[in-house]
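Colleague: Hi! I'm new to this one, could you walk me through it?

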Amino acid sequence: MLKPAFDDFFHYLLVEQGVSENTLKSYQRDLKNYMQYVEKVSQKTDWNEAGRTDIIGFLQKLKDDGKSAATISRTISSIRGFHHFLIREQLVDHDASIHIETPKKERKLPAALSSQDVEGLLSINSGTPLKTRNKAMLELMYATGLRVTELVSLKVSDLHLTMGFVQCMGKGSRERIVPLGDVAKQTVDDYLQKARGQLVKRGEDQNALFVNQHGRPLSRQGFWKILKGIARDTGIKKEITPHTLRHSFATHLLENGADLRSVQEMLGHADISTTQIYTHITKSRLKDIYQSYHPRA
């Protein structure tokens, strides 16, 4: 039976490694397909029977199905983690994932909004409780570079407006503190004073900072829909996602002289190489400026 080892691995990821719900779902999606391949195509019933050829065959199937290099790389990482777990738990006597090569990923530069687009996005009217909430969310996201999951998971107690910072729980259950600017502080305070109390149902013990029209915690999907609607209403033609604000936060900081280590800390990147992709954006920006304004360009 192949499935019991899978269930043990997912329990290990959740309880011992403390991975996020989204990361766990990603592992489950990748490895479920892998298990089905080993079971139905390779016709193996024990993980000790699975070998390198089974993994290569499965990866070739992904390639034939048109999966991207990024998807295949992520799947290889999931498979490696699983086989390392099997070795660790002494469920197999060999590591079938050894010497499996990871395809080179095409490194795409993150999309970032211009300063003018950000100004347009943040200039939304705050005449109703929901609009006041929306303005506070966008200001807070652009001011801190929080991931959308981090934003909607914030509690009221995570705000420290007087001291000018917000604390959040990031990937891998790593807590970090991010400073807040005066505009974001004022906008969030307006939301707390004037709008949140009208959205939270009377008598309901609700600690979530941002709530929906029914007084319950706002979801990631809910924020996405709100952002899409605001972008449309403000005339932004570019494709925009919650991550676009995070990319814009990092790009604008670096373009205005912030050092890479500080931006890494604020974004919550465990490895500075993840943050370094933004230096490519600023270099591209410098090249554009040179081409536009230098008389000999």
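Colleague: Which residues have the most contacts inside the largest nonpolar core?

Modeller: Leu121, Leu138, Leu151 and Phe223, in a core of 46 residues. A nonpolar core here is a set of buried Ala, Val, Leu, Ile, Met, Phe, Trp, Tyr and Cys residues joined through side-chain atoms within 4.5 Å. Buried means under 20% relative accessible area, with a 1.4 Å probe and protein chains only. One caution: this is a predicted model, where local features need pLDDT of at least 70, side-chain atom pairs count only at pLDDT 80 or more, and totals for chains, interfaces and linings use all residues. Residues are numbered from 1 along each chain as its sequence is written, and side-chain values use heavy atoms, leaving out hydrogens and water.

Colleague: Thanks! Which elements give two or more residues to that core?

Modeller: Among them are α5 (115-122), α6 (129-144), β2 (165-169) and α9 (220-233). Helices (H or I, at least four residues) and strands (E, at least two) are DSSP runs, numbered from the N terminus.

Colleague: And what does Leu121 touch?

Modeller: Leaving aside residues up to four places away in sequence, its partners include Leu138, Leu227, Ile230 and Leu245. Contact means heavy atoms within 4.5 Å.

Colleague: Which residues does the second core include?

Modeller: Phe6, Ile55, Ile76 and Phe82 are included in that separate core of 30 residues.

Colleague: Switching to helices: how do the axes of α3 and α4 cross?

Modeller: The axes of α3 (residues 52-64) and α4 (residues 69-88) come within 11 Å and cross at roughly 160 degrees. That makes α3 roughly antiparallel to α4, the label for angles over 145 degrees. Axes are lines fitted to C-alpha atoms, for helices over the stretch in contact, and angles run from 0 to 180 degrees between N-to-C directions.

Colleague: Which residues make that contact?

Modeller: Ile55, Phe58, Leu59, Leu62 and Lys63 of α3 meet Ile72, Thr75, Ile76, Ile79 and His83 of α4.

Colleague: What about α2 and α4, how do they cross?

Modeller: The axes of α2 (residues 21-41) and α4 come within 9 Å and cross at roughly 80 degrees. The two helices are therefore roughly perpendicular to each other, a label covering 65 to 115 degrees. Residues in the contact include Tyr27, Asp30 and Leu31 of α2, and Arg74, Ser78 and Phe82 of α4.

Conventions: Parallel < 35°, antiparallel > 145°, perpendicular 65-115°, else oblique. Buried < 20%, exposed > 50% of the residue type's maximum accessible area, 1.4 Å probe, protein only.
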